[in-house]
Amino acid sequence: EMEQRRCLTMVRVKGSKKKQHKSVLAWLTQAVILGVIVWYVVLRTSPLVGSRESDTKVSSSKLLRVQEQASSTPIIVEPSLISRDPAIKVTTDVRGNLGPPIVMIQENPGSDWLKDRWQAASDMHGTAIPGVHWIVLEFPKPTTMTKVVLDWEAAFARDYRIEASNDQQDWTILFDSHVDSERRTSEEFGQSPGVKSKTPLHIVHTVTMLDTDVPVSFSFLRLYVRKSAMGWGVSLWQFDVYGTTVGSRTIGL
């Protein structure tokens with residue numbers, strides 16, 4: 001009888017331990033489920049998450065606006081020397097007696113007194129060809145301009161205009177020495193081999209354009225020389241143009 005009671009007690013103790021294990025397991029399961037629910041709710045309602053989503057939307061919106069603006073904005077290159085380009089055509093009213101007109105925009109300016117400059121003269125004495133003279137640069141793309149640098153030989157000119165056009169019919173005056181001389185600077189250097197007296201080899205005029213001079217773009221630029229300063233046929237080493245190339249639109253003057 002004592003042995004039976006002992007066995008019955010052991011069975012009851014084992015049953016009680018099993019119930020306790022089941023209770024702990026159930027509690028742990030409920031705690032895990034509750035933790036997952038709380039984590040999910042906090043994650044969905046967190047201001048940080050909302051902020052990140054909002055920032056992403058704003059960034060995407062800004063990027064879209066920038067892309068739209070870029071597709072509709074003209075491509076403007078910063079001002080630079082744009083005339084020393086083999087694609088540019090040079091024409092003059094007369095051929096002259098020295099180098100061809102193209103020498104005035106050669107990429108590497110030469111120093112040969114006979115071959116590397118253009119002159120509106122009829123002989124080697126520099127006898128001027130009568131009348132006004134002009135030089136036209138035809139640009140392959142619409143262009144705006146900030147300044148012109150004219151590298152004259154001793155046979156230079158003070159009296160001239162700089163004009164722009166899109167069709168060579170209607171010309172807009174950008175500079176006129178009669179009224180705009182304050183926008184022109186001059187420097188001299190070298191010694192001309194053609195004369196014995198002190199005579200500069202280079203007389204360089206820098207003409208600065210006003211913002212209002214070229215409100216839009218042009219394709220043709222003309223130097224219109226009314227009179228020689230020295231009596232000889234006018235002569236140029238270089239006709240340099242500084243400006244920008246407009247890549248996406250052409251608007252007439």
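Modeller: This is a predicted model. In β5, D159, R161, E163 and S165 point one way and Y160, I162 and A164 the other way, and all are buried.

Colleague: What makes strand β5 mostly covered?

Modeller: Strand β5 covers residues 159-165, and seven of its seven residues are buried. Take Y160 as one of them: buried means under 20% relative accessible area, and Y160 has 0% relative accessibility, so Y160 counts as buried.

Colleague: How do you know that β5 and β9 pair?

Modeller: Two strands pair if there are at least two bridges between them. β5 and β9 have seven bridges, in the antiparallel sense. One of the contacts in β9 is L223, the bridge partner of I162.

Colleague: And what makes β5 and strand β6 a pair?

Modeller: The requirement is again at least two bridges, and β5 and β6 (residues 172-176) have four, also in the antiparallel sense. A164 stands opposite T172 in β6. The two strands form a hairpin with six residues between them, and Q168 in the turn has a positive phi of about 65 degrees.

Colleague: Now the rings. How many aromatic pairs does the structure hold?

Modeller: The structure holds three aromatic pairs. One of them is F139 with F218.

Colleague: Why is the pair of W152 and Y160 tilted?

Modeller: The ring centres of W152 and Y160 are 5.8 Å apart and the planes are at 45 degrees, so the pair is tilted. Planes under 30 degrees apart would count as stacked and planes over 60 as edge-to-face. W152 has 1% relative accessibility and therefore counts as buried. Ring pairs link W152, Y160 and F175 into a cluster.

Colleague: How do you know that the charged end of R117 sits over the ring of W113?

Modeller: The distance cut-off is 6 Å from the ring centre, and the charge must also be within 35 degrees of the ring normal. The charged end of R117 is 4.5 Å from the centre of the W113 ring and sits over that ring. R222 lies over the face of W171, at 4.1 Å from the ring centre.

Note on methods
Residues numbered from 1 in each chain as written. Predicted model: local features only at pLDDT ≥ 70, side-chain atom pairs only at ≥ 80, totals over all residues. Heavy atoms only, no water. Phe/Tyr/Trp six-rings, centres within 6.5 Å; stacked < 30°, edge-to-face > 60°. Buried < 20%, exposed > 50% of the residue type's maximum accessible area, 1.4 Å probe, protein only.
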